Structures are given as structure tokens and as C-alpha cells.
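Hi,

Here is the structure I promised to send over.

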Amino acid sequence: MADVTGDRSPLGDSQGLGRAVILLGPPGAGKGTQAQRISQRYCLPHLSTGDMFRDNIKRETELGRKAKPLMERGELVPDAIVLGMVADRINQPDCAKGFVFDGFPRTLQQAADLEKICGEHRLGCTLVLHMAVNPELLMRRLTGRRICKAGGHIYNVYERPPKREGICDVDGSQLIHRPDDSEGVIGERLAAYDRQTQPLVEYYKSRGVLSSVDAMADADTVTQGITRIMDGVKAPR
Ligand code: AP5
Ligand code: MG
């Protein structure tokens, strides 16, 4: 994925941010699109709980078998399952200098447990980037989304089509429509967001760690807004 904002961050490759960066927003807000970009720019691992579940489903693991029917209905996977998977991932050495979360936390319980995990790993204060988008735009973005089978590169038939229909520009693999991107399931996912995830906005606001990003703008403008915020954040000592 191209680094649309040019140079790497002054924090560069070696330092990392030393904190958890959370992209918080409804389905279709652009969390995955932006996480891929900032992960590259700041040399931070991109942790997408949705991608982790999809990978488990593909490999037909026990975890995948539990998550599949819930994801197909647009419901959240139970906290205990998500948290075990996330804790295992954060224990990997590449997460020592921080990471970017895309799709986690999604409940108040997940947020409280993440706080504990970050404390155990001596990571600094969390940075939460809240990406707000109106529901009509979300429906268009999600029904138009296509994802590359091999590398997860994200396209949109309306906003960001590939050069050759159905083929990824980056690695030539097939583009697929996510099974939960049908209108009925999108409605359920948006309802689950309002019910279970939206309360995190107040939770993080009250802790003074939430920054709002205008996620209605085009993807490059959103990236610029995010990097302005992240470049203003110093790595903790
Ligand atoms: P997950 O995979 O996280 O899906 P989601 O939250 O529904 O979010 P999406 O991936 O649909 O949207 P996005 O914000 O990443 O948007 P994207 O960048 O692709 O979760 C799937 C499921 O897994 C959940 O429903 C749940 O069951 C389970 N799950 C995952 N995490 C869980 C957790 N923590 N707890 C419990 N269960 C969990 O962009 C969308 C489209 O818009 C693309 O086509 C893109 O090209 C386009 N686009 C992006 N930005 C822009 C822009 N600025 N302008 C124009 N188009 C844009
Ligand atoms: Mg995503």
C-alpha cells in the first residue's frame, strides 16, 4: 500500500509509538484502509480482529468454527474468545513498541481488559482515533467493497476500483465480496455497533485519549488528518 503522505514519521522505524493506537468507528468507516497505511508509515503491526477471525475460519480452526455463525449474522464474537486471541497476539515480540488496532476493542469489557494488558506490557497511554461517518455512506462503502484474497488489499467499485475488474492491482489475486457485506447483515452490524461499541466513544473521551477524525472525507485526506494527530503524539519514555 502506498504511503500517500510521503515521508515516514519522525518517530521512524526503530522507536515505534510505544502505545496502542485504536481506530474506533462503525463498519465501513475506513478502519482497515487507514490501519494499513499508518501501520506502514509508523512501522507498527496492524492488528485486525476481523482479519484474525477470517483467517481462523479459512483454516477451519476451533476458534473459526465458533466465530463463523456469529459473523455471518453480523453479531459480535463473545468477549472471552476475542480477548484470548488478542492477548496471544500482543505477546508476540513485534508488538513490544506498540500496534494499531482495527476493530478492537468493541465492548466496554474489551476496553477494560485492554487497559490491563497494556499496563502489563508497559505500553504508554492509548491513543483512540474516532472515525465518524453517516449511515448512508457506510452502506455504499460496504456494498461496494472488494477485498484481495491474498493480501487483504481493499478496493471499492464506486470509489476506488481496481485497474482490472476483479483483480488486485498489487498482487494480481482475485478480489472477493465479504460474505457479511450484504445489506441485511450490514444492518445488523451497524445495530451491533450502536448498541455495544458506540459507548466506547464516551469511555475514551472521559479518559482524555480520544481524537476525532473526519472519516467522511476521501481516504487520502483522512490519512492526513490521522498522521497530523499521530505526529503530535510523542513516544512515552
Ligand atoms: P471487522 O472485519 O472488523 O469489520 P467491521 O468493523 O464491520 O469493519 P469493516 O472491515 O467492515 O470496515 P472498515 O472500517 O475496516 O472499512 P474499510 O477500510 O474496509 O469485523 C467483522 C466481524 O468480526 C464483526 O462483525 C464481528 O462479528 C467480528 N469481530 C471483529 N472484531 C471483533 C471484536 N473486537 N469483538 C467481537 N467481535 C468482533 O472500508 C470500507 C470500504 O470503504 C472499502 O471499500 C474502502 O475502499 C472504502 N473507503 C474507506 N475509506 C474511504 C474514504 N475515506 N472514502 C471513500 N471510500 C472509502
Ligand atoms: Mg475492516
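How far does a backbone N or O atom of K31 lie from an oxygen atom of ligand 1? The distance is 2.8 Å. Bear in mind as you read on that this is a predicted model.

For G32, a backbone N or O atom sits 2.9 Å from an oxygen atom of ligand 1, and for A29 a polar backbone atom is 3.3 Å from a ligand oxygen. On its own, ligand 1 would expose 1000 Å², and the protein buries 96% of that. The elements contributing two or more residues to the shell around the ligand are α2 (31-42), α3 (49-58), α7, β6 and α10 (219-231). Helix α3 contributes the most, with four residues.

In total, 35 residues surround ligand 1, and the closest are T33, E75, R106, R145 and R189. If you are thinking about how to treat the site, the shell splits into 15 nonpolar, nine polar and 11 charged residues.

Helix α7 spans residues 135-143, and its buried residues are L138, R141 and L142. Looking down the axis of α7, these buried residues fall within an arc of 90°, so they line one face of the helix. As for partners, the buried residues of α7 pack against β5 (145-148), β6 (154-156) and α8 (183-197).

In helix α2, I looked at Q34. Is Q34 buried or exposed? Its relative accessibility is 2%, so Q34 counts as buried. Setting aside neighbours within four places in sequence, Q34 is in contact with L23, M131, A219, V222, T223 and I226.

Over in helix α3 there is I57, which counts as partly exposed because its relative accessibility is 23%. Not counting residues up to four places away in sequence, I57 touches G64, K68 and M71. One of these, K68, is 11 residues from I57 in sequence, with a C-alpha to C-alpha separation of 6.5 Å.

Finally, a few backbone details to keep an eye on when you set things up. Most residues other than glycine have a negative phi, and most peptide bonds are trans. Here are the exceptions I noted:

- The peptide bond from F104 to P105 is cis, with omega near -5°. P105 belongs to the loop between β3 (99-102) and α6 (108-120).
- C43 has a positive phi, near 55°, and is not a glycine. This residue lies in the loop between α2 and β2 (46-48), and its relative accessibility of 31% makes C43 partly exposed.
- R122 also has a positive phi, near 50°. The loop between α6 and β4 (124-132) is where R122 is found, and R122 is exposed, with a relative accessible area of 78%.

That's what I have so far.

Cheers

Technical notes. Residues numbered from 1 in each chain as written. Chains lettered and ligands numbered in written order. Predicted model: local features only at pLDDT ≥ 70, side-chain atom pairs only at ≥ 80, totals over all residues. Heavy atoms only, no water. Buried < 20%, exposed > 50% of the residue type's maximum accessible area, 1.4 Å probe, protein only. Arc of directions from axis to C-beta. Contact = heavy atoms within 4.5 Å. Near = heavy atom within 4 Å. Polar contact = N/O pair within 3.5 Å; in protein donor to acceptor, adjacent residues only side chain to side chain. Areas by Shrake-Rupley, 256 points an atom, 1.4 Å probe, with all protein chains shown as cover. Nonpolar A, V, L, I, M, F, W, Y, C, P; charged D, E, K, R; others polar.
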